[in-house]
Amino acid sequence: MKITTDEARRIAELGHLSLDAAGLEKMAAEMTRILSFVDQLAEVDTSAIDAVPEETTPMREDVPRPSLDRELVERNAPDWADGFFRVPKVIGE
Amino acid sequence: MSSVLDLPLHEAQEEVSARDYVEASLRAIGERNPQLNAFLHIAREASGAFPIAIKDNIVTTDMPTTCASKILPRFVSPFDATVITKLRAAGAAFPGKTNLDEFAMGSSTEHSAFGAVRNPWDTSRVAGGSSGGSAAAVAARMVPVALGSETGGSVRQPAAFCGIVGLKPTYGRVSRYGLVAFGSGLDQIGIFSKTVRECAHVLGMIAGHDPLDSTTSARAVDDYAADLDRGVRGTRFGVISEAADALQGEIRKNFEDAVEVLRSGGATVQRISIPTIKYAVAVYAIVANAEASANLSRFDGVRYGHRSAGADSVHDLYVKSRGEGFGAEVKRRIMIGTFALSSGYYDAYYGRAQRVREKMRQDFEAAFRSVDLLLTPTAPEAAFKIGAKTADPLTMYLSDVFTTPANLVGIPALAVPSGFDSQKLPLSLQMMGPQFSERMMFRAASFFEKQTCYWKQKPAL
């Protein structure tokens with residue numbers, strides 16, 4: 001699978017990653033190499049495996065319990081005011 | 001010079017007071033860490049019955065957790081991981097947090113934002129990865145035991161490179177609550193130790209159901225040390241043909257000698273084919289990275305971790321914080337994973353990888369109908385030189401060719417020292433068993449260890 005620089009840019013946008021032009025070019029080449037290696041999976045006959053069994057997550061009762069201590073959460077917050085995480089303006093982007 | 005840290009855990013505890021034991025460990029860390037870079041954080045003091053080192057992607061309330069990433073500076077978790085809570089209850093002391101590849105992504109610990117770990121047997125070589133710090137810490141006798149984590153061999157491969165025991169338990173045997181998630185369908189906390197007995201002992205402390213990790217099994221925890229002296233008479237081993245046939249030189253000879261040790265103990269050995277095993281690294285590259293791309297979306301500069309100073313919108317904040325905080329390998333894996341899950345490629349990559357994975361699971365299931373345990377070398381080579389594989393990510397991934405299958409099919413696997421090559425670098429035998437067969441694996445590995453005694457050799461530092 002050949003990944004072009006444009007394709008790498010599109011994937012980086014989906015993954016919320018910033019890469020400069022040189023970084024994108026290098027990334028495209030590395031992805032091409034890794035995905036070309038992965039392409040060998042096409043030679044495996046998986047026709048007998050029509051569905052991969054999904055392990056279901058066991059459910060639990062929805063019982064209230066204490067959540068994280070706000071003070072401890074605040075300690076790790078990059079920007080915090082009045083009990084909230086502060087972020088740049090969201091509306092009107 | 002001999003020290004209490006050369007002894008297995010239980011013998012050391014009889015020899016010295018708890019206080020002296022933990023202090024000896026802190027002193028050894030202080031002396032040897034500058035050479036090895038195994039620890040990212042060293043506790044000023046620690047108290048408990050025995051010391052255990054913790055990989056720095058397992059959260060602790062009394063020490064920072066960095067995941068060896070610049071995106072998590074100064075992060076201190078508001079809660080302890082379940083394994084930490086259990087170890088505290090068992091009397092453990094925590095002398096420090098160990099170095100790793102950033103977010104456990106790598107096979108050499110060279111992808112740490114804080115520099116590579118050096119192999120105690122030859123400091124020009126890697127300690128393996130991603131749990132290289134924990135492996136080096138045990139091998140260099142800084143701690144008797146350590147925790148690591150595995151998504152594709154990150155305990156067993158560094159255990160092999162450092163000449164110690166490394167266990168990846170069955171998927172669901174040990175709670176991952178508080179293990180910073182990488183590939184949630186594969187992740188499992190593992191154990192490093194000098195001897196099999198210490199490993200069995202620690203697994204007994206940390207195994208079991210946890211309401212905070214719904215993937216943990218409700219199955220009762222075994223008495224893992226109960227069969228350690230029972231030998232291998234009658235045990236049926238399978239040598240995986242696809243692995244054995246690919247071996248060359250000293251690795252091949254070492255593996256054949258190891259198999260012979262088991263045979264001489266009264267075990268039977270037969271060849272077994274697992275045709276899909278050669279696709280494990282390719283399957284892993286898609287499945288693990290797809291899960292990683294989703295799991296690492298939480299690092300966005302909003303609630304914790306690095307926040308870019310130059311952002312003028314919330315979208316810009318995400319992109320810049322992640323761009324500045326993540327290292328090259330983490331970005332590469334997020335990119336591969338995002339690609340594999342993206343519209344138009346999902347079925348051809350993620351879907352196909354999952355189907356091959358299911359076929360591999362069926363291959364293993366069939367194998368375990370005729371043998372009890374499967375054998376391969378743990379790694380296809382001994383520890384490589386620092387820098388030898390960093391230029392080509394794919395070459396690095398292939399270092400995990402024998403270890404990734406156990407993660408993909410959810411079975412337990414154990415690495416046990418099998419000797420040294422001509423350069424005095426450790427080599428290792430891997431045993432894989434059916435789900436929840438840890439007790440049987442410990443019995444077989446303990447027999448092998450008693451016959452060979454490689455654990456008594458230690459690196460000269």
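In which helix of chain B is B:R333 found? The residue belongs to α11, which spans residues 328–341 of chain B; helices here are DSSP runs of H or I with at least four residues, and strands are runs of E with at least two, numbered from the N terminus. The structure is a predicted model, in which local features need pLDDT of at least 70, side-chain atom pairs count only at pLDDT 80 or more, and totals for chains, interfaces and linings use all residues. Residues are numbered from 1 along each chain as its sequence is written, while chains are lettered from A and ligands numbered from 1 in the order in which they are written.

B:R333 is buried because 29 other C-beta atoms lie within 10 Å (20 or more count as buried, 12 or fewer as exposed, and values in between as partly exposed, with C-beta atoms placed from the backbone). Beyond its neighbours within four places in sequence, B:R333 is in contact with B:M105, B:N289 and B:A292, contact being defined as C-beta atoms, placed from the backbone, within 7 Å.

Two of these partners, B:N289 and B:A292, are among the α9(B) residues that meet α11(B). Helix α9 covers residues 280–295 of chain B, and its axis lies 7 Å from that of α11(B), at an angle of about 100 degrees. Axes are lines fitted to C-alpha atoms, for helices over the stretch in contact, and angles run from 0 to 180 degrees between N-to-C directions. The angle makes α9(B) roughly perpendicular to α11(B), a term for 65 to 115 degrees; under 35 is roughly parallel, over 145 roughly antiparallel and the rest oblique. On the α11(B) side, the residues involved include B:R333, B:I334 and B:G337.

Turning to the domains, an automatic or database assignment sets the bounds: domain 1 of chain B takes in 4–274 + 374–456, and domain 2 covers 279–354.

Technical notes. Contact = placed C-beta atoms within 7 Å.
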